[in-house]
Amino acid sequence: MANNNNRNGTQARKVMVVADPTRESAGALQYALSHAVLEQDELILLHVENPSSWRNTISTFLKMPSLGSSTTASLDLGGGGAAAATGEGEVDFLEEMKHACRVSQPKMRVRVLRVDMDGKDRASTILLYSNNEGVDVIVIGQKRSFSSALLGYKRSGGGGSMKGTKMIDTAEYLIQNSSCTCVGVQRKGQSGGYVLNTKTQRNFWLLA
């Protein structure tokens, strides 16, 4: 079952954040930590390995609530910071994200999943693993505006695999096709809040 009761009787949920070394993904994680998870929940950082590999180096600062005050945690996705180095001497952005989770929610269980596409497209892979893990909520960073994403979705013909339909937006595909709730998150600056998209709510503005 996806939900388990903790000793206080509150249902624990599984929240999956799609993790990439991008500002959009960092914004999605920040939203999840500040608005979507509680300490009894489990947060899964899912990274779908890209055959062409990510080589961009960026540094994003996340402001995270801690005991009623603001604690600033740095997600240095390209070098330095609290992350562990990989065998190639590069910093693992997933370790940076995991560290940020620990700063924000020290008691929450955090798990990292690195998966390959195995011939599938990215969105289908995310859907597969969210179903396998019994996830309750998917949180994914969304770069493009809803209108652009919807246009790409319509042109793809909707439904089915995304393979060969480059116009489609991964977040929009997940919003429309996931069996659980999927939240597309656009971060509007450090203090500008978020624009959220779900299957039932569009361009919902949430203050930080």
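Trainee: Let's start with N177. What does the side chain of N177 reach at 2.8 Å?
Mentor: The side chain of N177 reaches the backbone oxygen of Y173 at that distance. A polar contact here is a pair of N or O atoms within 3.5 Å; within protein, one must be able to donate a hydrogen and the other to accept it, and residues adjacent in sequence count only if both atoms are side-chain atoms. Keep in mind that this is a predicted model, where local features need pLDDT of at least 70, side-chain atom pairs count only at pLDDT 80 or more, and totals for chains, interfaces and linings use all residues. Residues are numbered from 1 along each chain as its sequence is written, and side-chain values use heavy atoms, with hydrogens and water left out.

Trainee: Where does N177 sit?
Mentor: N177 is in helix α5. Helices (H or I, at least four residues) and strands (E, at least two) are DSSP runs, numbered from the N terminus.

Trainee: What caps the N-terminal end of α5?
Mentor: D169 does. A side-chain oxygen of D169 lies 3.3 Å from the backbone nitrogen of A171.

Trainee: Which side chain joins that of D169 in a polar contact?
Mentor: That of Q142, at 3.3 Å. Q142 also has a side-chain polar contact of 3.2 Å with N197. Q142 lies in the loop between β8 and α4 (146-155). Q142 is buried, with a relative accessible area of 2%.

Trainee: New topic. What does β3 pair with?
Mentor: Strand β3 (residues 14-18) is joined to strand β4 (residues 42-49) by 5 bridges, and they run parallel. β3 also has 3 bridges to strand β8 (residues 137-141), again parallel. Two strands pair if DSSP finds at least two bridges between them.

Trainee: Which residues stand opposite V15?
Mentor: L43 in β4, and V137 in β8.

Trainee: Is β3 covered or open?
Mentor: Mostly covered: 5 of its 5 residues are buried. K14, M16 and V18 are on one side, V15 and V17 on the other. In a regular strand the side chains alternate between the two faces of the sheet.

Trainee: What unit do β3, α1 and β4 make?
Mentor: A right-handed β-α-β unit, with helix α1 at residues 23-36. Right-handed means that, with the strands pointing away from the viewer, the path from the first strand over the helix to the second runs clockwise.

Trainee: How many disulfides are there?
Mentor: The count comes to 0, where a disulfide is a pair of cysteine sulfur atoms within 2.5 Å. For C180, the nearest cysteine sulfur is that of C182, 6.9 Å away. C180 is buried at 15% relative accessible area, and C182 is buried at 4%.

Trainee: Last one. What about confidence?
Mentor: The chain's mean pLDDT is 76, and 63% of its residues reach 70 or more. pLDDT is the predictor's confidence in each residue, from 0 to 100. Over residues 53-74 the pLDDT is below 50. Residues 76-90 are also below 50.

Technical notes: Buried < 20%, exposed > 50% of the residue type's maximum accessible area, 1.4 Å probe, protein only. Contact = heavy atoms within 4.5 Å.
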